[in-house]
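Grab a pencil and work through these exercises with the model open beside you. Try each task yourself before you read its solution.

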Amino acid sequence: MTPIRPDLALLWPSYTFFPLAALGVLFFGVAGGDPAMVVIGLGLLAINAGIVINQAYFTTLGITGDELVFRTNFGLTEERVAIGAVQRIDAKRYPGAHSGVSAPFFVARGRTSTVKVNTKAYRLAAFRPLLATLRQANTRIELDPFWERVAQGQDVSKEIALTPRSRW
């Protein structure tokens, strides 16, 4: 099975809006003759390029040997859980900005270790082959309702309806 990688189309703010701020700092630094602002602008562009390159080439979720492995941060960070030890796969959500909720995390809980992946940069349909392979290898894996619907191919994109809160 090929590893799952983030979808670059979902990362468009990283390579469109964020560099605009860095280019603005760089532009005003050059126009004002301020070398510190020029360095800051170039630094921000370099950081942004690093983030995009990390997501595009070094962030993967897949099966290596008999383990589920998530790699990121240029391959320096790695989370592993043995497939036979996976007991449950959950869709953990965390509070988000503006009274919303975050994208579901893919949380594979083993006996002694856990793999936790934020799915915001992934197409959920890409998880279907991974879930099928995990279930073939370990029939005791329990999926929560969210990942069960993803595994069945259902559209879960409109799962959460935001409820506006009153300020008073």
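This is a predicted model: local features need pLDDT of at least 70, side-chain atom pairs count only at pLDDT 80 or more; totals for chains, interfaces and linings use all residues.

**Exercise 1. Pairing across the sheet**

Which residue in S3 does Glu 67 stand opposite?

Step 1: Follow Glu 67 across to S3, and you land on Ala 82.

Step 2: Look at the whole pairing. S2 and S3 are joined by 6 bridges and run antiparallel. The hairpin they make has 4 residues between the strands, and Asn 73 there takes a positive phi near 55 degrees.

Step 3: Now hop to the other pair. S1 and S2 are antiparallel too, with 5 bridges joining them. Two pairs to spot here are Leu 61 opposite Phe 70 and Ile 63 with its bridge partner Leu 68. This hairpin has 2 residues between its strands, and Gly 65 in the turn shows a positive phi of about 65 degrees.

Step 4: The 3 strands make an open, antiparallel sheet in the order S1-S2-S3. From one strand to the next, the twist averages 20 degrees.

Step 5: Check what lies on the sheet. Helix H4 (residues 127-137) packs on it and touches S1 and S2, with a direction about 25 degrees from that of S1.

**Exercise 2. Checking a helix**

How many residues does H3 have, and how far does it reach from its first C-alpha to its last? Then find what caps it and what its buried residues pack against.

*Solution.* 

Step 1: H3 covers residues 35-58, which gives 24 residues.

Step 2: Compare lengths. H3 reaches 33 Å, close to the 34 Å expected at 1.5 Å a residue.

Step 3: Look at the N-terminal end. Asp 34 is the cap there, with a side-chain oxygen 3.2 Å from the backbone nitrogen of Ala 36.

Step 4: List the buried residues of H3: Gly 41, Asn 48, Val 52, Asn 54, Gln 55 and Ala 56. They pack against helix H1 (12-15), helix H2 (17-32) and strand S2 (67-72).

Step 5: Here's a handy rule for reading such a list. An α-helix has 3.6 residues a turn, so residues three or four places apart point the same way.

**Exercise 3. A serine in H1**

Is Ser 14 buried or exposed? Find out what it touches.

*Solution.* 

Step 1: Locate Ser 14 in helix H1.

Step 2: Its relative accessible area is 13%, and buried means under 20%, so Ser 14 counts as buried.

Step 3: Skip residues up to four places away in sequence, and Ser 14 touches Pro 19, Asn 48 and Val 52.

Step 4: Check one distance. Ser 14 and Ile 51 are 37 residues apart along the chain, yet their C-alpha atoms are separated by 7.7 Å.

**Exercise 4. Inside the core**

Which residues touch the most other members of the largest nonpolar core? Trace where the core comes from.

*Solution.* 

Step 1: The core has 24 residues, and the ones touching the most other members are Leu 61, Ile 89, Phe 106, Phe 127 and Trp 147.

Step 2: Sort by element. Those giving two or more residues are S2, strand S4 (88-92), strand S5 (105-109), strand S6 (114-118), H4 and helix H5 (145-151). H4 gives the largest share, 4 residues.

Step 3: Zoom in on Phe 127. Leaving out neighbours within four places in sequence, its contacts are Ile 4, Leu 61, Phe 106, Thr 119, Tyr 122, Trp 147 and Val 150.

**Exercise 5. A buried aspartate**

Which side chains make polar contacts with the side chain of Asp 90?

*Solution.* 

Step 1: Find Asp 90 in strand S4. Asp 90 is buried, with a relative accessible area of 12%.

Step 2: Look for its polar partners. The side chain of Arg 88 makes a polar contact at 2.5 Å, and that of Arg 109 makes one at 2.6 Å.

Step 3: Beyond four places in sequence, Asp 90 is in contact with Phe 105, Phe 106, Val 107, Arg 109, Asp 144 and Trp 147.

Notes. Residues are numbered from 1 along each chain as its sequence is written. Side-chain values use heavy atoms; hydrogens and water are left out. The expected span of a helix is 1.5 Å times one less than its number of residues. Buried means under 20% relative accessible area, exposed over 50%, partly exposed in between (1.4 Å probe, protein chains only). Contact means heavy atoms within 4.5 Å. A polar contact is a pair of N or O atoms within 3.5 Å; within protein, one must be able to donate a hydrogen and the other to accept it, and residues adjacent in sequence count only if both atoms are side-chain atoms. Two strands pair if DSSP finds at least two bridges between them. Axes are lines fitted to C-alpha atoms, for helices over the stretch in contact, and angles run from 0 to 180 degrees between N-to-C directions. A nonpolar core is a set of buried Ala, Val, Leu, Ile, Met, Phe, Trp, Tyr and Cys residues joined through side-chain atoms within 4.5 Å.
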